[in-house]
Amino acid sequence: PVPLPQMDPELFEPWRKKAKSESDLRKEAKRATREAMRSIRHDSRFIRVEQEKEAAVEDARREERYQGIVSDLQQQRHMVGVMEMKWMRRRALEMKAATKRRVQHEK
């Protein structure tokens, strides 16, 4: 008599993984490298955007301060101009009066 072959059931054993071939390992390494590069690009983009936001805030603050300084200087220059005009008018009136007195004195 010839013995019948036994059919052992294949049991699912999640803890037992089959060994990966070299090509599978290369693919996995390439995929991990691509994911890492993608992550680095994403992080770099985020950092750049945040730095640009900070730079924009700093530029706005600097521009506001600059405009304040320019405004103060314009006000000071205006006041100096007003004072010079008063002085020049007073000086012109004094010179006119002095000339008039001199002309009257000479007669």
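E52 is partly exposed, with a relative accessible area of 49%; partly exposed here means between the cut-offs for buried (under 20% relative accessible area) and exposed (over 50%), using a 1.4 Å probe and protein chains only. This glutamate forms a salt bridge with R48, and both residues lie in helix α1. Please keep in mind that this is a predicted model, in which local features need pLDDT of at least 70, side-chain atom pairs count only at pLDDT 80 or more, and totals for chains, interfaces and linings use all residues. Residues are numbered from 1 along each chain as its sequence is written, and side-chain values use heavy atoms, with hydrogens and water left out.

**Overall fold and surface**

- The secondary structure of the chain amounts to one helix and zero strands, where helices (H or I, at least four residues) and strands (E, at least two) are DSSP runs numbered from the N terminus.
- Helix α1 covers residues 22–106.
- How much of the chain counts as buried? The share is 0% of the 107 residues.

**Salt bridges**

- The whole structure holds seven salt bridges, each defined as a side-chain nitrogen of Lys or Arg within 4 Å of a carboxyl oxygen of Asp or Glu.
- In the pair R48 and E52, the closest N and O atoms are 3.8 Å apart, and the two residues sit four positions apart in helix α1, about one turn of the helix.
- R48 is partly exposed, at 44% relative accessibility.
- R26 pairs with E22, with 2.4 Å between the closest N and O atoms; these two are also in helix α1, four residues apart.
- E22 counts as exposed because its relative accessible area is 54%.
- R62 and E58 meet through their side chains at 3.7 Å, N to O, and they too are four residues apart in helix α1, about one turn.
- R62 is partly exposed at 44% relative accessible area, and E58 is partly exposed at 30%.
- Which residues are linked in a network of salt bridges? They are E58, D59, R61 and R62.

**Surface patches**

- Patches are made of residues with over 30% relative accessible area and no salt bridge, joining like charges within 9 Å and nonpolar side chains (Val, Leu, Ile, Met, Phe, Trp, Tyr) within 5 Å.
- A patch of positive charge on the surface brings together K30, R31, R34, R38, R41 and R45.
- For charges, Lys and Arg count as positive and Asp and Glu as negative, while His and the chain ends are not counted; the place of a charge is taken as NZ of Lys, CZ of Arg, CG of Asp or CD of Glu.
- R31, one of the patch residues, lies in helix α1 and is partly exposed, with a relative accessible area of 44%.
- M85, W87 and M88 form a nonpolar surface patch with about 340 Å² of accessible area together.
- W87 lies in helix α1 and is partly exposed, at 49% relative accessible area.

How values were computed:
Areas by Shrake-Rupley, 256 points an atom, 1.4 Å probe, with all protein chains shown as cover.
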